[in-house]
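Hi there,

Here is the structure I promised to pass on. Have a look at it first, and my notes follow below.

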Amino acid sequence: MNRIGMGEVSLSEAEIRAAHEVLSSGALRQGPRCEAFERDFARRFGATHAVSNSSGTAALHLVWMSILEPGDEVLVPAFTFIATASTVTVAGGRPVFCDVDPNTFLMDLEDAEKRITDRTRAICPVHLFGNTMAMEQVQELARRHGLKIVWDAAQAHGARYQGRELAGYGDFVCYSFYPSKNMFVGEGGMTCTEDAEAAQLLRDLRSHGQTGKYYFTSLGLNYRMTDVEAAIGCEQIKGFDEKLATRRRNARILMEALEPIAGIRPQVTTEGAEHAWHQFCLVVDPDKLGCDRDTLMKRLDEQGIDTGIHYPKGLHQQPVFEEIYGKPESLPVTEWLCEHILAVPVHHGLSEEEAHRVARTIAEVAGS
Ligand SMILES: Cc1ncc(COP(=O)(O)O)c(C=O)c1O
């Protein structure tokens with residue numbers, strides 16, 4: 001029986017051809033393909049301006065560089081990938097870790113609001129695993145406290161909220177094209193914004209703050225995407241909806257089979273959201289299921305099914321942040337999730353039959 005993985009990447013023939021064309025032309029650096037990719041991406045995901053970068057981390061870092069003063073605080077969920085917070089620190093700000101909702105696994109806005117001080121400058125909600133935040137609730141909170149919103153959409157290409165694409169929500173919406181993501185070009189990132197001036201500043205910053213030939217008006221870095229990756233991106237966007245539909249079909253199959261099992265609780269999709277299923281994550285309640293998360297993981301591995309743990313530690317518990325900010329206060333939901341969460345295959349390379357096999361196997365081994 002074939003082993004089912006968590007989503008190995010393979011490029012289509014057309015994507016390989018597009019990359020090859022650029023490679024053979026020798027024009028490898030940021031150029032017309034990057035411009036085309038920015039245009040296509042903005043059109044598909046509903047933004048006015050899109051600025052490409054060398055990674056999702058670079059995209060976030062430049063946004064923080066463009067809006068933070070030293071010591072400014074940013075509300076971030078503790079249950080996310082490190083780049084959401086590390087980029088704040090590297091840009092001179094301070095991430096303030098917030099707990100998350102036990103059902104949606106997304107930032108708990110009540111908890112976040114309690115942590116607002118007169119140093120709080122921004123909030124960085126993460127559309128984790130492709131599930132969207134309740135957008136208007138974040139906007140309302142930000143409005144009340146005068147905060148900028150930087151949406152971390154690294155995992156959410158294709159997700160929608162109340163029928164609307166996410167990239168146009170402003171102030172900044174940051175994406176990643178790392179190979180595990182719903183769109184992947186190698187390494188790459190994109191920031192979308194509705195603000196033309198902000199977009200121009202990000203364009204300057206990704207290129208050393210250069211606004212004329214060897215003339216620098218702001219302090220930037222080299223965070224440009226190359227035309228090789230952009231060519232793959234332009235091609236990939238054409239087949240994106242088909243891949244998204246496959247992820248959604250697979251998620252439906254898993255959901256139908258797993259929801260009735262006592263002791264297994266899949267991530268709850270936010271009301272009004274259309275999930276993009278970057279990951280299908282569930283929590284295991286050992287008292288009800290009869291086995292714990294790690295045992296379930298081992299049994300699935302024995303049956304040829306790979307799984308993953310996203311994430312094994314809250315960011316507040318990461319040694320690097322403990323070293324910088326001292327012993328953290330406990331964030332109980334995040335810590336509980338880290339011990340009980342499991343990601344199972346849902347990716348677009350998974351056939352209908354394989355999705356059924358994943359669901360069936362979970363049901364079988366959970367009871368054994
Ligand atoms: C939530 C989140 N934010 C930011 C990033 C950073 O993106 P990249 O890996 O492209 O730098 C990732 C990537 O894993 C992510 O999952």
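Let me start with a pair of side chains: Asp40 and Arg43 meet in a salt bridge, with 3.8 Å from N to O. Both belong to helix H2, which spans residues 32-45, and because they are three residues apart there, about one helical turn separates them. By the rule applied, the count of salt bridges comes to 23. Please keep in mind as you read that this is a predicted model.

The space that the ligand takes is the largest pocket. Two elements give two or more residues to the shell around the ligand, namely helix H3 (56-67) and helix H4 (83-90). Of the elements, H3 gives the most, with three residues.

Which residues are closest to the ligand? Gly56, Thr57, Asp152, Ser176 and Lys181 are, out of the 16 residues that surround the ligand. By type, the shell divides into six nonpolar, eight polar and two charged residues.

- Thr57: an N or O atom of its side chain is 2.4 Å from an oxygen atom of the ligand.
- Lys181: here the distance between a side-chain N or O atom and a ligand oxygen is 2.6 Å.
- Ser176: a polar side-chain atom lies 2.7 Å from an oxygen atom of the ligand.

Best wishes

Note on methods: Residues numbered from 1 in each chain as written. Predicted model: local features only at pLDDT ≥ 70, side-chain atom pairs only at ≥ 80, totals over all residues. Heavy atoms only, no water. Near = heavy atom within 4 Å. Polar contact = N/O pair within 3.5 Å; in protein donor to acceptor, adjacent residues only side chain to side chain. 1 Å grid on protein atoms, 1.4 Å probe; cavity = no way out; pocket = protein on both sides within 12 Å on 5 of 7 lines; lining within 4 Å. Sits in = over half its atoms within 2 Å of the grid points. Helix = DSSP H or I, 4+ residues; strand = E, 2+ residues; numbered from the N terminus. Nonpolar A, V, L, I, M, F, W, Y, C, P; charged D, E, K, R; others polar. Salt bridge = Lys/Arg side-chain N within 4 Å of Asp/Glu carboxyl O.
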